[in-house]
Amino acid sequence: MVDVLDNKRAATRFRILVQIAERQPAVSQGEIAEEVGVTSQAVSEYIRELVDDDLVEKEGRSRYRVTPEGVDWLFRAADDVRRFADHVTGDVLGAMSEAAYIATDDIEEGETVTLSVQNGLLHASPSDDGPATGVATTDADAGTDVGVTSFEGVMDLSPGSVTVLQVPAVRSGGSDVVDSSVIADHCESSDLVVAAGVEAVVACRQVDADPTVAFAAAEVASEGAERGLQVTTVATTDEVGRVTDTLRDSDISYEVLEI
C-alpha cells in the first residue's frame, strides 16, 4: 500500500507526480515548485528520484512523462487519500456531528438512545437495542428536541411511495369533473397529502382533505417518500410532468392515476 500521508516527503512526491501528469510532456519545474511550495532544486531532486524509480521517463530537456508504473502508483496513492478522507468525513466527523431529534420519553444527557423515523421525523428513545443508536448531548423532556451525536448503525426505514392523482385543468372542467371518492379514499389512507395547482387544491377541499402544502408539491412529496411516508399528490394536468420529473430524479417509486 502506498501511504502518501505517512510523512511530508511522501506527500510531496505524490503532489509532484500529479503535477507532472497534469503538465506532461512540457514540464516547468519552476511552476511545479510554486504550486507545491518547495524550491525548484527540490523539485529537480524529486523528479530525478521518480525517474530512477521508473515512475517518470525523461523525453528531453524539460520534457517528462508519467510511465504506466507511475500511473498505477498514482491510482494506489489516490485510493489511500480517498479512504482516509472517507474515514475522516464518515467515521470521525460523522460521529462528532450533532443533530436534533424528538424525544419520545424523558432523556438525560449522556444517555444512549435508539434512533428512528416516525411520521417522517427523527425520533430518539432511551434505549441501546435499536439498529441505530446515538448519545444524547442534552437533557430533554418527552416531546421536546434533544441533541444526539456519536451515531452508530443504520436506521430501519423503508422508503415510501407517491400516488399522483391527475386533475384536469379548469379549461377541461377542473375539479368539477373528477371522481371525488377516489381523492377521498387516497387522501384518507395517506400519511401526507400535497397539491399542485389551484384545481387540485379545490378538488382536495371538496372532500375535506385540505392538503398539507399547496406549493412546492413535487419537492415535498419526494422528501416525504424518502422519509418513509405514503404520499398522495393531487396535481393538475399542467403540473403532473414537473411532479413526476422530480420523483424520477430522486428515484422515488410512484404511479399516476387519472381521475
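**Exercise 1. Find how many salt bridges the structure holds, and follow one that links distant parts of the chain.**

Solution. The structure holds 13 salt bridges, where a salt bridge is a side-chain nitrogen of Lys or Arg within 4 Å of a carboxyl oxygen of Asp or Glu. The model is a predicted one, in which local features need pLDDT of at least 70 and side-chain atom pairs count only at pLDDT 80 or more, while totals for chains, interfaces and linings use all residues. Residues are numbered from 1 along each chain as its sequence is written, and side-chain values use heavy atoms, with hydrogens and water left out.

Step 1: one of the salt bridges joins Glu-49 and Arg-9, whose closest N and O atoms are 2.5 Å apart. This pair links distant parts of the chain, since Glu-49 belongs to helix α3 (residues 40–52) and Arg-9 to helix α1, 40 residues apart; helices (H or I, at least four residues) and strands (E, at least two) are DSSP runs, numbered from the N terminus.

Step 2: Glu-49 is partly exposed at 29% relative accessible area, and Arg-9 is partly exposed at 43%. Here buried means under 20% relative accessible area, exposed means over 50%, and partly exposed lies in between (1.4 Å probe, protein chains only).

Step 3: a network of salt bridges links Arg-9, Arg-13, Glu-49 and Asp-53.

**Exercise 2. Describe the salt bridge between Arg-76 and Asp-72, and say where both residues lie.**

Solution. Step 1: the side chains of Arg-76 and Asp-72 meet at 3.1 Å, N to O. Step 2: both residues lie in helix α4 (residues 68–96), and they are 4 residues apart, which is about one turn of the helix. Step 3: Arg-76 is partly exposed, with a relative accessible area of 36%, and Asp-72 is partly exposed at 43%.

**Exercise 3. Determine whether Ile-32 is buried or exposed, and list its contacts.**

Solution. Step 1: Ile-32 is found in helix α2 (residues 29–36). Step 2: with a relative accessible area of 0%, Ile-32 is buried. Step 3: leaving aside its neighbours within four places in sequence, Ile-32 is in contact (heavy atoms within 4.5 Å) with Ile-16, Gln-19, Ile-20, Arg-23, Val-27 and Val-43.

**Exercise 4. Work out the strand order of the open sheet, and explain which strands stand at its edges.**

Solution. Step 1: the open sheet is formed by 4 strands in the order β9-β10-β8-β11, with parallel pairing; two strands pair if DSSP finds at least two bridges between them. Step 2: β9 (192–196) and β11 (253–258) each have a single partner strand, so they stand at the edges and one side of each is left without a neighbour in the sheet. Step 3: from one strand to the next, the twist averages 20°, where axes are lines fitted to C-alpha atoms, for helices over the stretch in contact, and angles run from 0 to 180 degrees between N-to-C directions. Step 4: helix α5 (residues 180–189) packs on the sheet and touches β8 (161–167), β9, β10 and β11, its direction making about 160° with that of β8. Step 5: helix α7 (residues 217–226) also packs on the sheet, touching β8, β9 and β10, and its direction makes about 160° with that of β9.

**Exercise 5. Locate Asp-208 and Asp-251, and give the phi of each.**

Solution. Step 1: Asp-208 is in the loop between α6 (198–205) and α7, and its phi is near 55°, a positive value in a residue other than glycine. Step 2: Asp-251 is in the loop between α8 (237–249) and β11, and it has a positive phi of about 60° although it is not a glycine. Step 3: Asp-208 is exposed at 75% relative accessible area, and Asp-251 is exposed at 71%.
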